Amino acid sequence: MNEGYAVQMVNITKSFPGVIANRNIDLDIKKGEIHGILGENGAGKTTLMNILSGFYKPDEGEIYVEGRLVKMHSPKDALKLGIGMVYQHFTLVPEFKVVENIVLGTDVVGRKLSLKAAANLIEEQAKQLGFTVDPWSKVADLSLGERQRVEILKVLLRGAKVIILDEPTSVLAPVEIAGLFNVLKQLASQGKSIIFITHKLNEALEICDRITVLRTGMKIGTLSRSEITSTLDIIRMMFGVEAEPALAAEVPKELGKEVLRVENLVVESDRGVDAVKGVSFSIREGEIFGLAGIDGNGQKELAEALARIRNIKSGKIYFKGEDATNLSPADLHLKGGTYITDDRVSEGLIQDFTLTENIVLKDFRKNGVKRGLLIDWKKVAENGLMLIREYELAAAKPNSLTQTLSGGTQQKLLVAREISGESSLIIANQPTHGVDAKTTAYIREKLIEKASKGAAVLLISNDLDEIFSCSNTIAVIYEGRILGILDRQSATREKVAYLMIGVKKD
Ligand SMILES: Nc1ncnc2c1ncn2[C@@H]1O[C@H](COP(=O)(O)OP(=O)(O)OP(=O)(O)O)[C@@H](O)[C@H]1O
Ligand SMILES: [Mg+2]
């Protein structure tokens with residue numbers, strides 16, 4: 001092994017139940033370089049870095065630090081070896097001052113320091129990196145960008161020589177991003193190695209010396225700046241060069257009347273910033289409107305606004321010609337609108353309800369299960385049994401508690417419940433995320449079947465294969481805006497992949 005390298009990871013494999021997150025990955029990091037890690041959602045980026053930072057143990061493989069084989073059992077071990085992770089969800093205690101946060105729980109660079117001495121060190125270090133920070137201000141009073149810099153100082157002052165940042169720009173405003181990049185460049189020029197995980201190709205090209213691309217747990221390759229002749233090289237590595245899968249034969253070719261129209265929709269995220277920034281589109285009967293995009297570009301907020309469980313800041317929604325902007329979720333459901341959430345565990349299903357109870361949850365206002373003011377439980381049980389049979393809810397009994405079902409079966413249950421009725425609009429957010437191949441095929445079939453019966457389907461997915469095999473219209477959302485709406489015939493994987501990273505190409 002080569003001691004010229006800060007770190008070498010060799011043949012790293014890591015599995016979780018049902019998924020191989022990292023497969024025989026080799027990665028080497030030079031001293032003084034900024035090394036970008038790119039890849040689609042679920043490619044294995046975070047897992048690989050969690051291994052390097054001592055958070056996970058690999059099933060197989062070895063890690064060398066400056067040419068020496070090392071064993072790590074915790075993030076503390078990694079830090080001792082000079083590897084530090086700057087977490088995306090910050091680890092600072094907001095009520096404490098900057099200096100307190102930095103010395104909290106550890107000795108700064110192996111020394112016991114007074115707060116005063118530590119504060120001086122912090123100021124000095126910040127100055128070297130080209131920014132200022134007041135060690136005595138309370139973390140709660142700092143902006144996100146400032147907090148992030150404090151996190152960086154924290155790992156640095158604990159001796160990190162390799163600094164890992166997992167999507168550090170996703171929480172930052174554009175000016176703050178420029179500030180962060182300056183800091184990273186300074187660090188690299190001082191001989192530190194930076195590992196920078198990002199979804200954003202433009203960012204990676206802006207500051208990285210080399211870029212490694214992961215896809216479905218595998219390393220596709222590492223390219224240095226000079227080897228990258230066009231962004232297309234990287235896009236192909238990220239999204240594959242295979243031809244897109246054929247459109248399933250059952251997907252309707254003829255579309256009917258307009259079912260949903262969205263005009264200039266603006267929706268805020270939980271953090272109170274605009275996540276959907278003026279989106280307009282319409283979906284007709286028989287249309288499966290596949291909305292592609294990398295997670296976190298406003299899809300969830302859009303889906304929730306359409307499902308009426310999130311506030312709409314401005315803009316309009318029309319459902320079958322009627323203004324539905326202020327409809328309640330229950331009324332939307334009564335009118336035939338249905339929502340498959342991407343978060344079945346905390347939102348979609350009540351874990352300690354039985355199957356039957358979860359099935360009736362949505363339908364109890366509809367006729368057929370209501371007798372006067374009462375719920376007809378016999379009818380409900382019949383419906384439940386029917387669904388269990390129809391949807392092959394493996395090993396499920398009407399009285400099984402939902403929490404005892406596997407993830408895939410829960411997802412089937414959720415889909416079954418949502419689309420079993422007479423739905424004219426289906427909003428499906430990542431409907432096959434985390435389910436096995438058989439269930440995936442099944443859920444896609446069901447959505448297509450609904451569309452061929454005249455439903456309008458909004459299929460939100462970050463899986464391009466899913467989008468291409470199910471959608472007769474393909475749109476791409478990027479940073480809260482729809483960058484393009486293509487019909488299936490004119491869409492190619494390359495065009496869509498470009499749009500997913502914000503590049504418009506003809
Ligand atoms: N703790 C865990 N338990 C089970 N599965 C996991 C765990 N962590 C990751 N996975 C799975 O491993 C795969 C790789 O996940 P990972 O988080 O490394 O991807 P990523 O490239 O960081 O994706 P993203 O861009 O969405 O952050 C995914 O299929 C994910 O669901
Ligand atoms: Mg990740």
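Ala, Val, Leu, Ile, Met, Phe, Trp, Tyr, Cys and Pro count here as nonpolar, Asp, Glu, Lys and Arg as charged, and the others, Gly among them, as polar. The model is predicted. With those classes, the shell around ligand 1 divides into four nonpolar, six polar and two charged residues.

Now the shell itself. Around ligand 1 stand Phe 16, Val 19, Ala 21, Gly 39, Asn 41, Gly 42, Ala 43, Gly 44, Lys 45, Thr 46, Thr 47 and Asp 295. Two elements give two or more residues each: strand S2 (19-30) and helix H1 (45-52). H1 gives the most, with three residues.

Turn next to the strands. Strand S3 (residues 34-38) runs parallel to strand S9 (residues 210-215), and four bridges join them. Ile 37 has Thr 212 of S9 as its bridge partner. S9 also pairs with strand S10 (residues 218-224), this time antiparallel, through six bridges. There, Ile 211 stands opposite Leu 223 of S10. The hairpin of S9 and S10 has two residues between the strands, and Thr 216 takes a positive phi near 40° in this hairpin.

Last come two helices. Two packed helices are described by the angle between their axes and the distance between the axes. Helix H4 (residues 115-128) packs on helix H5 (residues 144-157) at about 110°, and their axes lie 11 Å apart. Angles of 65 to 115 degrees count as roughly perpendicular, so H4 and H5 are roughly perpendicular to each other. H4 makes the contact with Leu 121, Ile 122, Gln 125 and Ala 126, while H5 brings Leu 153, Leu 156 and Leu 157. By class, this contact has six nonpolar residues, one polar and no charged.

Conventions: Residues are numbered from 1 along each chain as its sequence is written. Chains are lettered from A and ligands numbered from 1 in the order in which they are written. This is a predicted model: local features need pLDDT of at least 70, side-chain atom pairs count only at pLDDT 80 or more; totals for chains, interfaces and linings use all residues. Axes are lines fitted to C-alpha atoms, for helices over the stretch in contact, and angles run from 0 to 180 degrees between N-to-C directions. Angles under 35 degrees count as roughly parallel, over 145 as roughly antiparallel, 65 to 115 as roughly perpendicular and the rest as oblique. Two residues are in contact if their C-beta atoms, placed from the backbone, lie within 7 Å. A residue is near a molecule or strand if its C-beta atom, placed from the backbone, lies within 6 Å of it. Two strands pair if DSSP finds at least two bridges between them.
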